[in-house]
Amino acid sequence: MPDDLKTIRQLLQQHSSEAARAAHQKFVPGSREKVYGVRTPVLNELAARFKSGGFELAEALWKAGALEEKILAAKLVGRMAKKDPERALQLVRLFAQNIGNWAVCDTIGMQSLKPIVATHREAIFALARGYNRSADPWQRRLSLVLVEWYTRYKELHPAIQQLIQPLEKDPEYYVKKAVTWINKNFEKGK
């Protein structure tokens with residue numbers, strides 16, 4: 001186990017609380033991962049503190065598997081994405097294979113690639129198209145979350161609509177919520 005991972009696990013344990021654990025269980029129901037019970041501001045501080053651990057630390061955190069470790073992994077990728085966009089995209093593909101809840105899904109989709117949304121639009125849309133018809137509901141949700149940032153640009157609405165269309169009658173609750181979210185963003189821009 002890398003030293004940074006060991007240190008992070010100790011810090012997660014130190015900053016955990018029963019109240020935060022209960023909040024996670026309430027707002028992220030059905031999560032299969034271990035939950036430390038650490039609030040988001042602490043995770044943001046850890047992402048800033050350990051960004052020098054690089055993509056290797058992000059991958060180790062992801063493989064460690066606890067909810068906060070996965071969220072921290074996604075946040076770390078976002079802090080390094082500009083340095084190596086291809087590696088960031090590669091890790092998002094890896095992470096997308098094992099998403100178990102909306103919190104992890106949305107952190108990946110909204111934070112991991114945020115620094116490169118302007119420069120790697122085609123690659124991000126390609127990822128979204130690849131996940132759009134997946135049998136995995138979290139990948140289907142991710143297909144929309146990945147492009148949420150682009151809803152502010154009317155010229156990209158048709159491409160986003162192509163991603164929404166096959167999911168409009170999706171039976172999965174969190175996919176439906178993503179469709180509603182994106183459609184509300186479209187309405188804001190009118």
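**Entry 1: Glu 148**

I started with Glu 148, which sits in the loop between helix 9 and helix 10. For my own bookkeeping, helices (H or I, at least four residues) and strands (E, at least two) are DSSP runs, numbered from the N terminus. I am working with a predicted model, where local features need pLDDT of at least 70, side-chain atom pairs count only at pLDDT 80 or more, and totals for chains, interfaces and linings use all residues. Residues are numbered from 1 along each chain as its sequence is written, and side-chain values use heavy atoms, with hydrogens and water left out.

Is Glu 148 buried or exposed? I found it buried, because its relative accessibility is 13%; buried means under 20% relative accessible area, exposed over 50%, and partly exposed in between (1.4 Å probe, protein chains only). Leaving aside residues up to four places away in sequence, Glu 148 touches Met 110, Trp 181, Ile 182 and Asn 185, where contact means heavy atoms within 4.5 Å.

**Entry 2: helix 9 and helix 11**

Next I took the pair helix 9 (residues 137–145) and helix 11 (residues 173–188), which pack at about 10° with axes 9 Å apart. The axes are lines fitted to C-alpha atoms, for helices over the stretch in contact, and angles run from 0 to 180 degrees between N-to-C directions. Helix 9 and helix 11 are therefore roughly parallel; that label covers angles under 35 degrees, with over 145 roughly antiparallel, 65 to 115 roughly perpendicular and the rest oblique.

Which residues of helix 9 meet helix 11? I noted Pro 137, Trp 138, Arg 140, Arg 141, Leu 144 and Val 145, which meet Tyr 174, Val 175, Lys 177, Ala 178, Val 179, Trp 181 and Ile 182 of helix 11. By class, I have ten nonpolar, no polar and three charged residues in this contact. Here Ala, Val, Leu, Ile, Met, Phe, Trp, Tyr, Cys and Pro count as nonpolar, Asp, Glu, Lys and Arg as charged, and the others, Gly among them, as polar.

**Entry 3: helix 4**

I then checked helix 4 (residues 54–64): eight of its eleven residues are buried, so the rest of the structure largely encloses it. The buried ones are Gly 54, Phe 55, Leu 57, Ala 58, Glu 59, Ala 60, Leu 61 and Trp 62. They pack against helix 1 (3–14), helix 5, helix 6 (85–96) and helix 7. After helix 4 comes Gly 65, with a positive phi near 95°.

**Entry 4: the largest pocket**

How much volume does the largest pocket have? I get about 510 Å³. Of the 27 lining residues, Trp 102, Ala 103, Asp 106, Thr 107 and Gln 111 are the closest to its centre. Helix 2 (18–27), helix 3 (40–49), helix 5 (67–80) and helix 7 (102–112) each give two or more residues to the lining, and helix 7 gives the most, with seven. The lining divides into 16 nonpolar, five polar and six charged residues.

A note on terms: on a 1 Å grid over the protein atoms alone, a cavity is a set of points where a 1.4 Å probe fits but cannot get out, while a pocket is an open set with protein on both sides within 12 Å along at least five of seven lines; lining residues have an atom within 4 Å of a point. Grid points are joined across faces, edges and corners, and a volume is the space filled by probe spheres set on the points.

**Entry 5: Ser 52**

Last, I found Ser 52 in the loop between helix 3 and helix 4. Ser 52 is exposed, at 71% relative accessible area. Its C-alpha is 9.7 Å from that of Asp 4, 48 residues away along the chain.
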